[in-house]
Amino acid sequence: MTDEGNIIINIGRQFGSGGKSIAVEIGRELGIQVFDREIISKAAEESGFSKELFEKNDEKRSLFRFSSFFGAERFGGAHAASVGDDQLFKIQSEVIRDIALKQSAIFVGRCSNYILRDMSCLDVFIKAPMEDRVGRVSKREGIPEEEAQEMIEKQDRTRQTFYNFFSFGNWGQASDYDLCIDSSLLGIEGTARFIIEFGRKSKLIR
């Protein structure tokens, strides 16, 4: 279990829903560090593998050796060329658990709600209508809306495949989270405040 004073928030999100921005706003309000791509750097540092290896496989799943996920030693001493998604997920999971045991944290994606399922956490999934997500991604990436929608659909499929495989759950399904919320209703700051209020009322944020 986490220290009684720690606050742990896990945020799953549809691509383009503003999930990372909401996480950052929650972190700012509560004075808690947000971990997203930072997890990649920490995992690479602790495992001895290159950061690029983790970035290439970030929230993605490809063909791998299923048996090594259950039978490999902690870091296996394997060379990068022979490391499968299962081993990378294992390393990243250990980094997430180590952070959660030591400090309050907000984790964005990466199956953190599943990895920390035995700890006291607030698990949130953020979604938004496709129209809103297309507008946000189109503006952010500087691309046409049609291209933005294709990017959204691809990223959502990738995240869903990754989450469903490693968590044995269902990405975005309410039963896997404490709260599912549409960010288009309250906006970034409003959604962040609502999540904080929900967390305090449910005593998952102390």
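Author: Cys111 sits in the loop between β3 (105-108) and α6 (112-115). The model is a predicted one, and in it the phi of Cys111 is near 60 degrees, a positive value in a residue other than glycine. Cys111 has a relative accessibility of 3%, so it counts as buried, the limit for that class being under 20%.

A second residue has a phi of this kind: for Phe168 the angle is near 60 degrees, again positive and again not in a glycine. Phe168 belongs to the loop between α8 (145-167) and β5 (179-182). With a relative accessible area of 58%, Phe168 is exposed, because the class begins over 50%.

Asp36 is placed in the loop between β2 (34-35) and α2 (38-47). The side chain of Asp36 also makes a polar contact with the side chain of Lys20, at 3.4 Å. If neighbours within four places in sequence are left aside, the residues in contact with Asp36 are Arg13, Lys20, Val108 and Arg110. Asp36 has 8% relative accessibility and therefore counts as buried.

Next come the aromatic residues. The structure holds nine aromatic pairs. In one of them, the rings of Phe89 and Phe166 have centres 4.1 Å apart and planes at 10 degrees, so this pair is stacked. Phe89 lies in helix α5 (residues 85-102) and Phe166 in helix α8, so the pair ties together parts that are 77 residues apart in sequence. Phe89 and Phe166 are both buried. The rings of Phe125 and Tyr177 have centres 5.2 Å apart and planes at 50 degrees, so that pair is tilted. Since Phe125 is in strand β4 (residues 122-127) and Tyr177 in the loop between α8 and β5, this pair ties together parts 52 residues apart in sequence. Phe125 counts as buried at 3% relative accessibility, and Tyr177 is buried with a relative accessible area of 9%. Phe89 and Phe166 also belong to one aromatic cluster, together with Phe162 and Phe165.

Conventions. Residues numbered from 1 in each chain as written. Predicted model: local features only at pLDDT ≥ 70, side-chain atom pairs only at ≥ 80, totals over all residues. Heavy atoms only, no water. Helix = DSSP H or I, 4+ residues; strand = E, 2+ residues; numbered from the N terminus. Buried < 20%, exposed > 50% of the residue type's maximum accessible area, 1.4 Å probe, protein only. Polar contact = N/O pair within 3.5 Å; in protein donor to acceptor, adjacent residues only side chain to side chain. Contact = heavy atoms within 4.5 Å. Phe/Tyr/Trp six-rings, centres within 6.5 Å; stacked < 30°, edge-to-face > 60°.
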